[in-house]
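Q: I am new to this structure and would like a close look at a single part of it. Please go through that part step by step.

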Amino acid sequence: MYINKRKKKEEKRKKTLKTIFGSFLLGNSIFLFLSFFSFLFHWKNDQSQLEKLFDKEIIAENLLGKMGATVSHYFIHCGIGVSAFFIPIFLFLTGLKILFLKKECFNNFYKSTIYKFLFFIVWLPIFFYVIVPDQGIFSGIFGFEIGNYLIQLFGKVGLFMLLFTSIIFYWIIIFRIHTSTIKNGMKKKIQNFNKKIDTTLQLCNYFSNNKKNPEMDSSFRKKKNMLYSILYKKKEDFSSIDLKIDLESNKKKIIQILNHYHIEICEIKANIGPTITLYEIYPKVGTRVSQIKNLKNEIALNLSALSIRIIAPIPGKGSIGIEIPNYKRYPVYMKDILFSEESHKKSHKMELPISLGKTVFNEIFIVDLAKMPHLLIAGSTGQGKSVGLNVMIVFLLYQKHPKDIKFILIDPKKVELSIYKKISKSYFATLPKSIEPIITDLHKVKDILNSLCKEMDQRYAIFEKYKVRNIKEYNNVIKKYNKYHLPYIILIIDEFADLNMNHQKKQIEIYITRLAQLARAVGIHLIIATQRPSVDVITGLIKSNFTARIAFRVSSKIDSRTILDCTGAEQLIGKGDMLFSNKNELIRLQCPFMELSDIQKIVDFYGNNNKKHEYFFLPEPDIINENE
C-alpha cells in the first residue's frame, strides 16, 4: 500500500516536471522565434548600437527588446545565419512532444527530425554564403568561415558540386528514390518539354512572318548574324560570382575603420561592376562628409587596395561612395553590348547612339552624340583611347545605314585608323580628287577642315530655304519633295596634340572652334582624342565647346583637371577604365574590349556588302596663303 502511494507521488512529480519543462521549451521557442523574426527587420539599427545597447538612453527596435536583439545577434549574425530559426522550431516541436506524446513516439520523433534539422543547419549557411555573399545576415559567421574554407579546398566550382551532390543524396535518402522512379519522371519531363518546344517554334514562326519591323529586313538580319558569328567566338574568362568572395570581408573592414574614428553609419551597400566595386555608405545624421573623405588612405591601407576613389556625396543619393578595384576584373565584351535587349531599347530613339561601356552597376551606357554634340577624349598611352574610338565607330556602323552617316578620319599617327580604308567608299566624306580617304598628312588637315566649314555653311543655306532648324527636320521635309538626303558627318581626330605641332596650329584651332560652335544643327559632330591633355593642347576655347568629355587614366591631377575640371582620372586603373563627364555629371565606366582581328573581319564584311555606295564629296576648300 505504501509502495503504491509512493509510486503515484513519483509519477505525479514526473508529470509536473514534464509539464514545466515542456512549457518552458514552448515559451523559449516563441521568445526566440519572435526575436529572430524581428531581427530580420531591425538588425541594422540595433546592431549599429550593440555595444551601447544596455544604456538606459538606447531603445532597441526588436520586438523582444534589448535581450531579443542581443540573443538574435549572437545566434544569427555571429552564429549560423537563418538556420538559427530551426532552433525555436525544434524547441517548439520538442515541447509539444513532451507534453502530448508518449515516450516511444517521442523517440521516433527524434530519430526522424534531428538528422533533418542538422543537415539544414549546416547546409543552409554555406549555401547562402555562396549564392549571396554580400548578405551576411543569411549565412552568419559560420557560413562565412566554413564557406571560405571549403572554397579554398575545392574552389568555387567544386563547392557548388559538393552542395549539389549533398542535396541529391539527401532527397534520395529521405524520399527513398530509386532508378525506376527517376526513369518514369524523366519520360514525363521529356514529353512535356517537347510539347513546349513545338509550341514555341510555332509562335516564333508566326511572329517572324507577321511582325513588321523595318530593322529586321534581310540586310539587317545578315549584318546581325555576321557580327554575331565574329564576336561570339570568344569565351567568357570570368564570372561575376567570383568577385563576391571578398565582399563581406571588405564591408567589415570599412565599418571597422569608421568605428575606430567614431563615425557611425546606418547602412553599407555594395555594387559590383566589371572593374571596381562601389561601396555605398549611408552615414548617420550629423556626420561630416569630410571626416570620411579624409580617411581615404586609411581605408586603402586596411583593404590592401592599390588605389581607391571616394565620392562624397554621390549625386542624387544620401550616401557616400567608395570605389575599390576588384581583385579579379572581368572584361566587357562588345558582343554583350551590341546584341543585348537593353542596348536595343536605349539606342532605338537616338540619332547617333554610341556605346561607352558598362557602369559600376553593370548597366549598358549609351549616349546620343547628336545631343552631346561633340566629344573630347584624353588619356595616357595604352589606357584605352584607340579601343574606345574603335568601339564607337563599330557601334555606329551596326546602328546606321551608309546613306545616314559619313566619317572623316584624321590620323596623324598613320596606323590607328588605317584599318577602316576598306569601307571608305561607303562610309567616308572626303575632298574631291582625294587619293587617301584617311587624312594622315598634316598639311591636308587644314584643307579638310576648311572644306567641312564650307559644307556647314551650305547646309545652313539649304535649311534657310526650306525653313527648317536642324538636319532631322530637313530630312523629314525633303521626303515629300524627293530631294537629296543629308547624312550626319562625324569628324574623328585620333591625336589632336600632333596637329598643334604644325605651323598652321592657329588656323586649325579656328576651324575646330567654329565647327564646335555651329555645326551641331547641320549634323556635323566632332570626336577629338589626345594623349597629352595639357593646357596648350586643350585650350579654354576648345574646352568651352566640348561639354562632353572622357578621361582614361592620366599621369597627374593637373591632367585630370585639364580634361575634366576635377581630379579623379589619375586614380583610374587603366585598361579601359574611364570617367565620362557631361553637364557636371561624372560617371565611371568600363570601355568594351575588341580585338584587332575582330575589327578587321567586321570592316571586311561592311566593305564587301556596301560596294554600290559612293564617296560623299565635300566642297572644294578655299585657297589660303600658307603664311597666314
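Which residue of β10 does Ile-405 stand opposite? Please describe the strand around that residue and the sheet it belongs to.

A: Ile-405 stands opposite Tyr-488 in β10. Some ground rules come before the details. The model is predicted, so local features need pLDDT of at least 70 and side-chain atom pairs count only at pLDDT 80 or more, while totals for chains, interfaces and linings use all residues. Residues are numbered from 1 along each chain as its sequence is written, and side-chain values use heavy atoms, with hydrogens and water left out.

Ile-405 belongs to strand β8, residues 405-410. Strands (E, at least two residues) and helices (H or I, at least four) are DSSP runs, numbered from the N terminus. In β8, 6 of the 6 residues are buried, where buried means under 20% relative accessible area with a 1.4 Å probe, counting protein chains only. In a regular strand the side chains alternate between the two faces of the sheet. From β8, Ile-405, Phe-407 and Leu-409 point one way, while Lys-406, Ile-408 and Ile-410 point the other way.

The partner strand β10 covers residues 488-493 and pairs with β8 in the parallel sense over 6 bridges. Two strands pair if DSSP finds at least two bridges between them. The open sheet has 9 strands in the order β6-β5-β14-β13-β12-β7-β11-β10-β8, with mixed pairing. Because β6 (364-368) and β8 each have a single partner strand, they stand at the edges, and one side of each is left without a neighbour in the sheet. From one strand to the next, the twist averages 25 degrees.

Elsewhere in the sheet, strand β13 (residues 577-582) and strand β14 (residues 585-590) run antiparallel and are joined by 6 bridges. Ser-581 stands opposite Leu-586 in β14.

Helices also pack on the sheet. Helix α15 (residues 442-466) touches β8, β10 and β11 (524-530), a contact being heavy atoms within 4.5 Å. The direction of α15 makes about 155 degrees with that of β10; axes are lines fitted to C-alpha atoms, for helices over the stretch in contact, and angles run from 0 to 180 degrees between N-to-C directions. Helix α20 (residues 557-564) touches β7 (375-378), β12 (548-551), β13 and β14, and its direction makes about 155 degrees with that of β12.

As for the whole, the protein has 21 helices and 15 strands, and 46% of its 628 residues count as buried.

Note on methods
Buried means under 20% relative accessible area, exposed over 50%, partly exposed in between (1.4 Å probe, protein chains only).
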